[in-house]
Amino acid sequence: MIEITDIEKIYRMGGETLTALNKVSLSIQEGEFTSIMGPSGSGKSTLMNILGLLDRFDSGQYFLNGTDVSSISDTERAHIRNKEIGFVFQSFNLMARMNVLENVMLPLVYGKVPRKERKERAVEALEKVGLGDRLNHLTNEISGGQKQRVAIARAIVNRPSVLMADEPTGNLDSKTTEDIMRIFQDLNDEGTTIVMVTHEPEMAEYTKRTIHFRDGALQKDEYLVPKRLSK
Ligand code: ADP
Ligand code: ADP
């Protein structure tokens with residue numbers, strides 16, 4: 001589903017250049033739950049932004065679900081991104097003036113889904129993350145863990161083929177972190193492919209595969225039996 005070959009990403013600042021990704025090759029299959037680990041500055045977010053079609057790269061190839069996304073237009077990239085990819089960020093990135101339901105319906109507004117179906121699908125996504133009883137709350141009236149659950153519902157409402165999470169529990173306590181990881185494991189059990197960036201080894205224990213990054217290159221790629229969270 002994700003197939004990248006020799007991806008290079010170079011940041012240019014004035015006369016300086018910095019190679020953030022140094023010919024990275026990697027493939028991720030449908031149904032995997034992968035964590036991307038590595039120290040700060042090793043290129044995790046850069047990789048995530050490229051895989052998520054938020055950012056371009058300097059050389060190499062990227063096939064997403066069989067489509068060569070290396071040289072397509074910005075419009076086409078945005079279209080594929082909205083259809084194929086859901087994002088969850090450390091800082092939630094919710095709309096403060098909208099209620100929970102409206103936040104989750106938002107991706108469907110861009111997706112031209114009819115109004116009635118938008119609501120049905122948003123409610124269904126919120127029920128999946130255990131927030132079916134918080135539809136009309138404003139996002140500043142709920143806890144951090146609930147905010148992240150709203151963000152997850154928003155990320156999956158379009159039924160993307162891959163869910164990308166960048167330090168999704170970085171702002172949460174350990175109990176809430178477990179709740180979020182349980183939701184990810186449930187979604188993965190149902191078939192959602194998940195790629196999660198983290199710098200915490202305990203988080204990687206919940207995933208089936210861990211890819212370690214160092215200095216913009218793949219250092220280690222391992223499959224382990226994940227720690228399961230009971231319901
Ligand atoms: P990580 O997510 O592992 O902390 P990043 O992908 O954020 O690593 O960064 C990799 C390297 O690229 C770092 O040296 C970082 O400072 C640099 N970098 C990231 N984004 C930019 C940018 N927009 N402009 C310049 N340098 C950047
Ligand atoms: P993360 O926790 O995702 O690694 P960072 O704090 O490294 O976040 O970076 C936050 C944002 O700043 C990112 O969008 C990244 O691309 C950008 N960035 C990181 N390093 C640099 C840099 N040296 N110069 C410019 N932008 C940078």
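Predicted model: local features only at pLDDT ≥ 70, side-chain atom pairs only at ≥ 80, totals over all residues.
Residues are numbered from 1 along each chain as written, and chains are lettered from A and ligands numbered from 1 in written order. Local features need pLDDT of at least 70, side-chain atom pairs count only at pLDDT 80 or more, totals for chains, interfaces and linings use all residues, and side-chain values use heavy atoms, without hydrogens or water.

**View 1. The shell around ligand 1.** Residues with a heavy atom within 4 Å of the ligand form this shell. Among them are Tyr11, Met13, Pro39, Lys44 and Thr46. The shell divides into five nonpolar, six polar and one charged residue; Gly counts as polar and Tyr as nonpolar. β1 (2–13), β2 (16–28) and α1 (44–51) each supply at least two residues. α1 gives the most, with three. Helices (H or I, at least four residues) and strands (E, at least two) are DSSP runs, numbered from the N terminus.

**View 2. Polar atoms at ligand 1.** Oxygen atoms of ligand 1 lie 2.7 Å from a backbone N or O atom of Gly41, 3.1 Å from a polar backbone atom of Ser42 and 2.5 Å from a polar side-chain atom of Thr46. The protein covers 63% of the 560 Å² of accessible area (Shrake-Rupley, 1.4 Å probe) that ligand 1 has on its own.

**View 3. β1 and its partner strands.** Strands pair when DSSP finds at least two bridges between them. Nine bridges join β1 to antiparallel β2. Lys9 stands opposite Leu21 in β2. Two residues separate β1 and β2 in a hairpin, and Gly14 in the turn has a positive phi of about 60°. Five bridges join β1 to antiparallel β4 (residues 59–64). There, Ser59 is the bridge partner of Glu8.

Technical notes:
Polar contact = N/O pair within 3.5 Å; in protein donor to acceptor, adjacent residues only side chain to side chain.
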